[in-house]
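This report is written for a reader who meets the structure for the first time.

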Amino acid sequence: MGKHIAVSETVLRDAHQSLMATRMPYADMADILKTMDEAGYYSLECWGGATFDACIRFLNENPWERLRKIKSQVKNTKLQMLLRGQNLLGYRHYADDVVERFIALSAENGIDVFRIFDALNDVRNLKTALKAVKKTGKEAQLAICYTVSDVHTVEYYAELAKTMEEMGADSICVKDMAGILTPEVGKKLVSRLKETVSVPIVVHTHATSGISYLTYQAVIAAGADRIETAISPLSEGTSQPCTEALAIVLDEAGFDTGLNLTLLEKIGDHFRECKDHYIAQGLLDPKMLTPDPRALIYQVPGGMLSNMYSQLKQAGATDRYDEVLKEVPRVRKDLGFPPLVTPLSQMVGTQAAMNVLSGVRYKMVPNEIKDYLKGKYGKTPVPVDEDFRRSIIGDEEVIVDRPADHLAAEWEHLKAEIGDLAQNDEDVLIYALFPQVGRNYLAKRHSVEETSADEQEVVRVNGYY
Ligand code: CO
């Protein structure tokens, strides 16, 4: 057997997040989890990102319960989640006590690999989450958000990786959320990272621009230790490249992926059936499956393309799609070249849409963008033009140290706010992460329980109390 290449499967998280706004219910996973557990993956990415939000907002599922159910079926393969550093899974910075509580409970409920990133690659925003994961003994993976700009050179990333290793990262991921890592840069980048750090290097890309297989081939040749793929029916387009195809050609090239092709075929059959339903229900727009090399120009990640499109569809303005797409890099430049990853991808996308639809740039500015310009998200890769900043936020104070140092402990306060609607700490976190939607979800559950004493018994047995 040749060199081992570990493969992580993304169908339970990133694939459906990128292709169909994270709408896969647990019911579509349940019957195939045992097979997935035996297929030889390094890990199954199944939680975090937008899954938590979609569970309570659209699917009426308890995200913690989903994680426990997955864990009960997947005994051998690691479960992996994506965590936005100090933002956790929400859209603001949380105080350290909330970050610590969330990670402890995620580990307790089954997460083995925590991929932690900060949208701005400001490592100060990774510190508390990293420390909390280390405390649980689980794999603490720090991710570099890959983007292209004058400052984002191979040397810049190598320095960042070195800092991450020194901070205690167990592995480092090159997170190419937009699918813009080209084979040539990928080769140079991974070679440089392998020279610089000794922890495993993971490469995560998207098939958006049509170059992903070439990129994986190049980074594997350069020494990458792990790649991430999606099972065929939910691969390609804005998702990851296809698991089965890579398993076959890597095997042929003498690499050992540990993957079982017969089981991969079974998994593919299962999700092929699901996919037919998603298309029939209009959840999966086949448009998302066509390669879009414009991602190489606009550096817009898959999830952002699909979100912008559906936002414009709701506003009856899909004819402005191309204009909005062209406005994105201009907004990004104004904001100091932030990588386009959640929550910045949404913020930049919304600002770009407002700039185009209102007809006057920055006539309307969301509060999130104002907070960003006040330094509340961290340090921008390139300093923002001061005149531009002041034109948006006036004389308001700008934070220059770690944003979370300005946040007082808030756990007890959140707990008091949600009161009886929360039956345990998991519920408090549902509320903390999504105040409005979370409260609605908890209130709805509460009223169902009020009307059914029997049901309440069942809830007790399941350990809510
Ligand atoms: Co991704």
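Glu9 lies in strand β1, residues 6–9 (helices, H or I of at least four residues, and strands, E of at least two, are DSSP runs numbered from the N terminus). The model is a predicted one, in which local features need pLDDT of at least 70, side-chain atom pairs count only at pLDDT 80 or more, and totals for chains, interfaces and linings use all residues. Residues are numbered from 1 along each chain as its sequence is written, and side-chain values use heavy atoms, with hydrogens and water left out.

Glu9 is buried and yet has no salt bridge; Arg13, the nearest side chain of opposite charge, is 11 Å away. Here buried means under 20% relative accessible area, exposed over 50%, and partly exposed in between, with a 1.4 Å probe and protein chains only. A salt bridge is a side-chain nitrogen of Lys or Arg within 4 Å of a carboxyl oxygen of Asp or Glu. As to charge, Lys and Arg count as positive and Asp and Glu as negative, while His and the chain ends are not counted. A polar atom of the Glu9 side chain lies 2.8 Å from the backbone nitrogen of Ile231. Apart from neighbours within four places in sequence, the residues in contact with Glu9 (heavy atoms within 4.5 Å) include Met36, Tyr41, Thr229 and Thr243.

Asp37 is found in helix α3, residues 33–38, and is buried at 7% relative accessibility. Beyond its neighbours within four places in sequence, Asp37 is in contact with Gln73, Val74, Lys75, Asn76 and Thr77. Tyr26 is placed in the loop between α1 (14–20) and α2 (27–30) and is buried at 11%. The C-alpha atoms of Tyr26 and Pro63 are 9.5 Å apart, although 37 residues separate the two in sequence. With neighbours within four places again set aside, the contacts of Tyr26 include Glu61 and Arg66.

The metal site comes next. The cobalt ion has the protein donors Asp14 (OD), His204 (NE2) and His206 (NE2), at 2.0 to 2.1 Å. Donors are N, O and S atoms within 2.8 Å of the metal (3.2 Å for Na, K and Ca), and sites may look incomplete because water is not among the atoms. Along the chain the donors of the cobalt ion follow the spacing D-x189-H-x1-H. His204 is buried at 1% relative accessible area, and His206 is buried at 3%.

The count of disulfides, pairs of cysteine sulfur atoms within 2.5 Å, is 0. Cys145 takes part in none, and the nearest cysteine sulfur, in Cys173, is 8.9 Å away. The sulfur of Cys242 is 16 Å from the closest cysteine sulfur, in Cys274, which is too far for a bond.

The whole structure holds 32 salt bridges, including those below.

| Pair | N to O distance |
|---|---|
| Glu61 and Arg66 | 3.0 Å |
| Arg68 and Glu426 | 2.9 Å |
| Asp427 and Arg445 | 2.6 Å |

Because Arg68 lies in helix α5 (residues 63–73) and Glu426 in helix α20 (residues 425–433), their pair ties together parts 358 residues apart in sequence. Arg68 is partly exposed at 26%, whereas Glu426 is buried at 9%. Asp427 and Arg445 are both buried. Salt bridges with shared partners also join Glu327, Arg330, Asp334 and Arg361 into one network.

Definitions and conventions. A polar contact is a pair of N or O atoms within 3.5 Å; within protein, one must be able to donate a hydrogen and the other to accept it, and residues adjacent in sequence count only if both atoms are side-chain atoms.
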